[in-house]
Amino acid sequence: MTELLAERIARHACDIPDAHAVVDRRESVSYAEFWARVTRAAAGMRGMRRIAVLPTSDVGSLVAVTAAMRSGVGVVLLHRHLLAGQFAHVIELTQPGAVIAAPAAHRRLRQLGCESPRANLDSDGQHDTACALSELLVGITSGTTGEPKLFVRNQLSWARTLDRSDEVFDVRRGDRVSTPGVLDHTHFLYGALHGLTRGACVDLRPVAEAMTSAPTHLYSVPTIAWDVVRSGIGTVPSVREVLSSAARWPSSGREALQAVLPNASLVHFYGASELSFVSYDRGVDPGAGTLFDGVDAEIRDGIVHVRSDMLFDGYLTRGGISGGPKDGWMTVGDRGSLDNRDGGGRTLILFGRDSETLIRAGLNVELAPIEAAALDIPGVDEAAVVAIADARMGEVPALAVVLHSDGPSGGEIRRALRAALPSPSMPSRILVLDGLPRTPRGKLDRQALGATFATHRATPETTNHIVSAPPS
C-alpha cells in the first residue's frame, strides 16, 4: 500500500527527531518540533472539509499545509497575485472552514475581502486522518487574469508523484534542499514537502542566503537560476542536483548556472498542475525529455495527451468536479512530438503552448485579458499582446497599441494597466504603432508582431515609441 505524504514525514519525526526539518528567515525547527506543531494544527482543523492557505516562505505555512494533508482536509492554495474578484470566486466555490496566513499577509487578505484571517488553528485533542482518495489540494491554474480555474488533486495522486521523485531525484536523509520560491507556487511547495518526506532539511530562505549554507539540492525555475548566476556568490560545490520546472530552460542559462554549481546535475522536468510529472531531461543541452515511469503519451493533431496514475481529478465548479481525464487521458494544450529512436523508452519533444498563453517565471499568463484591459483605456483603438523571450523570466508579455489622435501617453497607459492587472500580466514593453500587422484574411499576425518587437528592440532610434513597464 502506498504511503501517503504526511505518513512519510511522520516516520522521520520518529526516526530522526532532532534533525533539522525546516529553516526560514526567522526560525529553524527540528523534525520533532515540526511534527508537534503539525499535530496541534491538525487537531484545530478537525471536522473541516477544506482550509484556504495563503502561504509565504515560512515554517508556519508548511505546518498548516502539512496538518491539513495529515488530517484529510483539502488545502485551497491561494496565491499573492489574486485580484479581489478572483479571491471571492475561489472562496465561493471552495467554502473553506478558515483562511490561514502569516500575520504579515493578513492586511493583503483583508484587502481581498477576507474579514477574519487566522494565523493558525492550534488545538489540543485528536485529529482526523487522511485516506488515499481524500482531497489533498485545490489549486488555481489557467492564468493570472480572468476567472480562475480550480484543479483538484487527491492524496494518492501526490503519493504516486512522490514515488516518481524518489526514483528520479537523488534526495537523501540529511541532505539540505533549498526551495527559495514563495510556497504559493506549487513547484516550490511540492519541493519543500518532498524534501520533508525524504528526511532532508528544507531551506525556505532566499536563494542568495540559502547558497551560503552548503545546500545539496536547489528547487528552481529559470528565473531563480539567473538570480544565482548574477548574485556574485561564486561557485557552490555542495549542490548535487538542480530540479527545475516551468518555462523552457535554454542552454545559455544552463551553462551559466553550471559554472556556478559545477558539481550539480541539472534536471528540468515538464508537467502541469493537472498532469503532474510527464518527462524530464538532464544536462546543459536540453534535448528530448524522457517520460517518467508509468507515463504514457500520445500526440493527437500535434497536441500532447498524457495518461498516468498521477493525473488530477478534475476542475472544481459550481456543479461539482468536471473536466477531468477522459478515458484516462488528459491534455493541457501543449504541442509536441514523440521520438522512439532510443530503443524502447520513448522521449518527448515539446514545442510550446497551443493556446494563447505564456509562462512567465513559472506563472501562466493569458494574453486575451491583457488586450481587454488595454482596450478599456480611453483613446486606445487597437491592442495586441505577444510573448517575447526573456533571459530571466523565460517569456514576458509585450503589448502593441494603436492610439486615437488624442490617445493617452505611455505613462497613462502604464498606470491604467497597473490598476487593472496583476503584476505577472503587466507587459514588459509597450509599443505604439500606426496599425497592427494583419494576415491576408484580416486576422492579427502575431508572428509579424513579434518580429516588429524584435526590430524595435534592435533599433535605438525607435525606442521613443516604447514604454518600459517592468512588473512590480
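Here is a walk through the aromatic contacts of this structure. The model is predicted, so local features need pLDDT of at least 70 and side-chain atom pairs count only at pLDDT 80 or more, while totals for chains, interfaces and linings use all residues. Residues are numbered from 1 along each chain as its sequence is written, and side-chain values use heavy atoms, with hydrogens and water left out.

Let's start with the rings. Rings of Phe, Tyr and Trp (its six-membered ring) pair if their centres lie within 6.5 Å; planes under 30 degrees apart are stacked, over 60 edge-to-face, and the rest tilted. That rule gives nine aromatic pairs. One is edge-to-face: Trp158 and Tyr190, 5.4 Å centre to centre with 85 degrees between the planes. Trp158 belongs to helix H6 (residues 155-168) and Tyr190 to helix H7 (residues 186-197), 32 residues apart; helices here are DSSP runs of H or I with at least four residues, strands are E runs of at least two, and both are numbered from the N terminus.

Buried means under 20% relative accessible area (1.4 Å probe, protein chains only). Trp158 is buried at 4%, and Tyr190 is buried at 7%.

Phe169 and Phe269 make a tilted pair, because their centres are 5.6 Å apart and their planes sit at 35 degrees. Phe169 is buried at 2%, and Phe269 is buried at 8%. Zooming out, ring pairs link Trp158, Phe169, Tyr190, Phe269, Phe277, Tyr280 and Phe292 into a cluster.

Charges sit over rings too, meaning NZ of Lys or CZ of Arg is within 6 Å of the ring centre and within 35 degrees of the ring normal. Lys149 does this with Tyr315, 4.0 Å from the ring centre, and Arg300 lies over the face of Trp329 at 5.1 Å.

Terms used
Buried < 20%, exposed > 50% of the residue type's maximum accessible area, 1.4 Å probe, protein only.
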